[in-house]
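Hi everyone, thanks for making the time. I'd like to walk you through one structure today, so please have a look at it with me.

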Amino acid sequence: MSHPTHRTDDHATSVHLGVDLTDAGAHPAAWRDLGSQAPRLFDPQRLASLVATAERGLLDLVVLDDAFSLQPVQRHGAQGRLDAALVASRLAPRSSGIGLVPTIDTTHTEPFHVSKAVATIDHVSRGRAAWGVGWSTTQEATRAFGRKPVQDEADAVDEAREVVEVVGRLWDSWEDDAEIRDVATGRYVDREKLHYVDYEGIRFRVKGPSITPRPPQGRPPVVVKATSEPALTLAARYADVVRLQATSLDEARTLRERLRALALDAGRDADQVRVLVDAFVVLADDEAAARARLELLDDLEPRTDARTTFEHVGTPDALVATIDAWVGAGAADGFVVRPSSLSTDLDALVDKVVPTLQAAGLFRTAYPGRTLRDTLGLERPANVFAATA
């Protein structure tokens, strides 16, 4: 196995790493794994401990997935989740450097509620929130609300496009210095720096303004999982962070080049879009042990996913080599690691993968600033209303 070349140039900290902390791990049988703490899956102290571990590894962000229907399983997989946005709000003041990315559905949630929830997390975390854009196409989620018929993916993603547009305007509806808080004069807010968004689209008519001041990041990063053609188009137009699914370096590079072209066509700076590949990971000191552990998990509960993205079943050093190769070849800016079992793979990621990346000059040794945008190297966006006022 080749080892990464030590880097000392401006790209020394270019690798971005996130980790998925959903459920007990990415494998549906992870809750039955040794040390999984199955009775504590919804324990807030367990969740805080996982975030602290990820933060100890200086990871960019943690992902908290969510949905309005139970996870699909074949036999005995874990089912049921806490509300991701509320979990992120609790974890925000109990962390200090890492980004928090809850998935919030756009199909069954109003834009005003989404904007307020994410802005609140950004305020509570002092600038470390992002929004994982989700949508629903299942009959189960539709029945849970009973407000409209089930939508196909193209329609759901098009609705998500409108929601993202409205949410961004609501975040901008307060200018950065709209709050005065002058006790002597009794002026709390400058009303001239609050703006109606006046959005009229196909599905929404939103007057605004928001009731929550502009988030510390201006606009918290928007994260889109580009798992289809409509989702890729949405990501190119709006996402700050795009999660790709690719099984090989060449596939990832092709998808990234296409994404960048679409972003340029949409009038965006493609260099302001971070591309992370989802990676299902099983780590052990040797490949045989990793494969044996995966076989055991598969025997307990077969996976229902189509395995359409990269899988690493092997050693931490081999994962480092893969990260180095993919980022070095321009296939991605980094990875969202989906540990098969959080009880085992998260510690291996933080204690074995990260130090090797750091030793090779591929990963930071401290957070570069206070906000998630700082960590991702993304500019703070100007307020669209202030710019045109």
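Predicted model: local features only at pLDDT ≥ 70, side-chain atom pairs only at ≥ 80, totals over all residues.

I'll go through the core, then some helices, and then a few loop residues.

Let's begin inside. Which residues have the most contacts within the largest nonpolar core? They are Leu 21, Leu 59, Trp 131, Trp 135 and Ile 323, and the core itself has 87 residues. Helix H5, residues 153-172, gives the largest share of this core, with nine residues. There is also another core lying apart from it, made of eleven residues, and among them are Ala 130, Val 241, Val 336 and Leu 372. As general background, nonpolar side chains in soluble globular proteins tend to be buried together.

Trp 135 deserves a click if you have the viewer open. Setting aside neighbours within four places in sequence, Trp 135 is in contact with residues including Asp 105, Thr 106 and Thr 107.

Ile 323, another of the residues with the most core contacts, takes us to helix H9, which covers residues 316-328. H9 has 13 residues and spans 18 Å from its first C-alpha to its last, close to the 18 Å expected at 1.5 Å a residue. Which residues of H9 are buried? Those are Pro 316, Leu 319, Val 320, Ala 321, Thr 322, Ile 323, Asp 324, Trp 326 and Val 327.

At the meeting point, H6 brings Glu 229, Leu 232, Ala 235 and Ala 236, while H7 brings Arg 258, Leu 259, Leu 262 and Ala 263.

Now for the backbone. Leu 58 has a positive phi, near 60 degrees, without being a glycine. Leu 58 sits in the loop between helix H1 (44-56) and strand S2 (61-64). Is Leu 58 buried or exposed? Its relative accessible area is 13%, under the 20% cut-off, so Leu 58 counts as buried.

Asp 198 is also not a glycine and has a positive phi, of about 50 degrees. Asp 198 belongs to the loop between strands S6 (187-189) and S7 (199-200), and at 44% relative accessible area Asp 198 is partly exposed.

Last stop: the loop between strands S8 (205-206) and S9 (222-226), which holds Pro 209. The peptide bond from Gly 208 to Pro 209 is cis, with omega near -5 degrees. Ile 211 is in the loop between S8 and S9 too, and at 57% relative accessibility it counts as exposed. Beyond its neighbours within four places in sequence, Ile 211 is in contact with Phe 112, Lys 116 and Trp 174. Ile 211 and Leu 170 are 41 residues apart in sequence, with their C-alpha atoms 9.0 Å apart in space.

That's my tour, and I'm happy to take questions.

Methods. Residues numbered from 1 in each chain as written. Heavy atoms only, no water. Core = buried A, V, L, I, M, F, W, Y, C linked by side-chain atoms within 4.5 Å. Buried < 20%, exposed > 50% of the residue type's maximum accessible area, 1.4 Å probe, protein only. Helix = DSSP H or I, 4+ residues; strand = E, 2+ residues; numbered from the N terminus. Contact = heavy atoms within 4.5 Å. Expected span 1.5 Å × (residues − 1).
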